[in-house]
Amino acid sequence: MYVLGIETSCDETAASVVYKGRKICSHIIASSIKLHAKYGGVIPEIASRAQLEYINFVVDRAIKKSGVKIGDLDLIAVTKGPGLIGSLLVGISFAKALSFANKIPIIGVDHVQSHIYAPFLSSNGHKQSPKFPFVGLIVSGGHTSLYYFKNFDKFEVLGETLDDAAGEAFDKVAKLLRLGYPGGPLVEKIAQGGNHKAYNFGCSNNGNLNFSFSGVKTAVLYKIRDIERIGMLSRKQASDLAASFQQSVVASLVDKAITAALRKKAKDLVVGGGVAANKYFRAQLRKQAENKGIKVFIAENRLCTDNASMVAGLGYQLYRLGKRDNLNFKPILY
Ligand code: KG4
Ligand code: ZN
């Protein structure tokens with residue numbers, strides 16, 4: 001079964017063809033990120049205009065590269081939200097038109113949950129997959145959530161962020177350190193040369209499985225103000241601030257994810273979302289989870305950030321479980 005996935009929730013326009021929910025036959029991504037860099041964050045109007053410009057080309061490329069003809073596609077899976085409404089509407093409208101014109105079934109897929117599907121995918125279709133029930137951690141620019149998955153369509157939310165998402169906190173701290181946008185990879189880069197014990201930015205540990213990252217971000221802001229009252233922020237100080245911030249966020253993510261897995265007696269921990277590309281996070285999570293006998297599944301980097309292969313993959317699984325959509329489904333914006 002060949003599934004075409006389409007993802008346009010934010011500033012990436014992505015299309016993929018995936019075979020049987022496992023094997024990536026094509027994986028195309030166009031991004032408008034450079035157009036947003038000078039504003040320090042995504043501008044929705046610019047993002048949706050870029051989606052319109054790229055979508056035709058990206059979907060066409062994904063189908064051609066897969067070697068599959070449109071008529072041989074068995075399903076179209078498209079991100080239905082959450083995301084930017086203008087961007088979402090481009091992908092959804094395009095997918096609906098393609099479905100209608102070619103009589104291909106369509107299914108709308110939740111963007112946050114699709115991030116959890118990334119570790120199930122590979123280029124050759126051969127990969128050890130997580131086993132249900134598992135705990136899922138999604139760490140992206142818009143969401144930080146812990147789930148307990150009994151199946152792809154049966155899950156409960158164990159915890160969420162009470163304020164900023166983890167990726168959002170990385171982006172805001174990058175802005176404070178004047179590093180540019182998107183901030184995650186830039187903070188990770190300068191943190192490499194820094195001392196993570198230089199500053200103590202403990203993330204609030206509220207004793208439950210919810211996250212909070214706005215306090216640590218504000219602590220970084222106050223520390224920068226303190227330093228700049230006396231002189232200029234040095235490169236060493238910026239590296240130490242980045243390393244201490246990263247350590248604090250990662251400690252909170254790792255601690256709560258492992259606590260959730262232990263509480264639920266889940267043997268597998270599945271992680272997705274842009275922040276999962278962070279090397280320090282990956283290493284800490286693997287080390288600490290393995291000490292507790294928990295197996296960690298994190299996708300390769302290109303599948304951690306927004307892409308359409310994860311949408312096609314989750315769409316395939318939901319379709320097999322009997323889920324169907326008609327052409328009237330609406331975007332979700334929560
Ligand atoms: O999953 P994603 O591509 O988009 C959303 O659905 O939000 O995640 C993007 C987020 C951004 O906030 C970006 O700064 C963060 O993931 N990110 C990282 C890294 N790479 C991307 N954060 C920390 N370290 C990284 N290496
Ligand atoms: Zn995402």
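The model is predicted. Ligand 1 sits in the largest pocket. The protein covers 88% of the 560 Å² of accessible area that ligand 1 has on its own. Both domain 1 (2-121 + 303-320) and domain 2 (134-298) contribute to the shell, with at least three residues each.

**Shell around ligand 1**

- The shell holds 19 residues.
- Gly141, Asp171, Gly184, Glu188 and Gly274 come nearest to ligand 1.
- By class, five shell residues are nonpolar, 11 are polar and three are charged.
- Three helices each supply at least two shell residues: α4 (111-117), α5 (166-176) and α6 (183-191).

**Polar contacts of ligand 1**

- The side chain of His111 places an N or O atom 3.1 Å from an oxygen atom of ligand 1.
- Gly167 uses its backbone: a polar atom there is 3.1 Å from an oxygen atom of ligand 1.
- Asn278 uses its side chain: a polar atom there lies 3.0 Å from a nitrogen atom of ligand 1.
- Each of these pairs falls within the 3.5 Å cut-off for a polar contact.

**Cis peptide bonds**

- Phe132 and Pro133 are joined by a cis peptide bond, with omega about -10°.
- Pro133 belongs to the loop between α4 and β6 (134-139).
- A cis peptide bond also links Tyr181 to Pro182, and omega is about -5° there.
- Pro182 is in the loop between α5 and α6. Those two helices each supply at least two residues of the shell around ligand 1.

**Positive phi**

- Most residues other than glycine have a negative phi.
- Lys103 has a positive phi, near 55°.
- Lys103 is found in the loop that runs between α3 (85-102) and β5 (106-110).

Notes:
Residues are numbered from 1 along each chain as its sequence is written. Chains are lettered from A and ligands numbered from 1 in the order in which they are written. This is a predicted model: local features need pLDDT of at least 70, side-chain atom pairs count only at pLDDT 80 or more; totals for chains, interfaces and linings use all residues. Side-chain values use heavy atoms; hydrogens and water are left out. A residue is near a molecule or strand if one of its heavy atoms lies within 4 Å of it. A polar contact is a pair of N or O atoms within 3.5 Å; within protein, one must be able to donate a hydrogen and the other to accept it, and residues adjacent in sequence count only if both atoms are side-chain atoms. Accessible areas come from the Shrake-Rupley method with a 1.4 Å probe; for residues, only the protein chains shown count as cover. On a 1 Å grid over the protein atoms alone, a cavity is a set of points where a 1.4 Å probe fits but cannot get out, and a pocket is an open set with protein on both sides within 12 Å along at least five of seven lines; lining residues have an atom within 4 Å of a point. A molecule sits in a cavity or pocket if more than half of its atoms lie within 2 Å of its grid points. Helices (H or I, at least four residues) and strands (E, at least two) are DSSP runs, numbered from the N terminus. Ala, Val, Leu, Ile, Met, Phe, Trp, Tyr, Cys and Pro count as nonpolar, Asp, Glu, Lys and Arg as charged, and the others, Gly among them, as polar. Domain bounds come from an automatic or database domain assignment.
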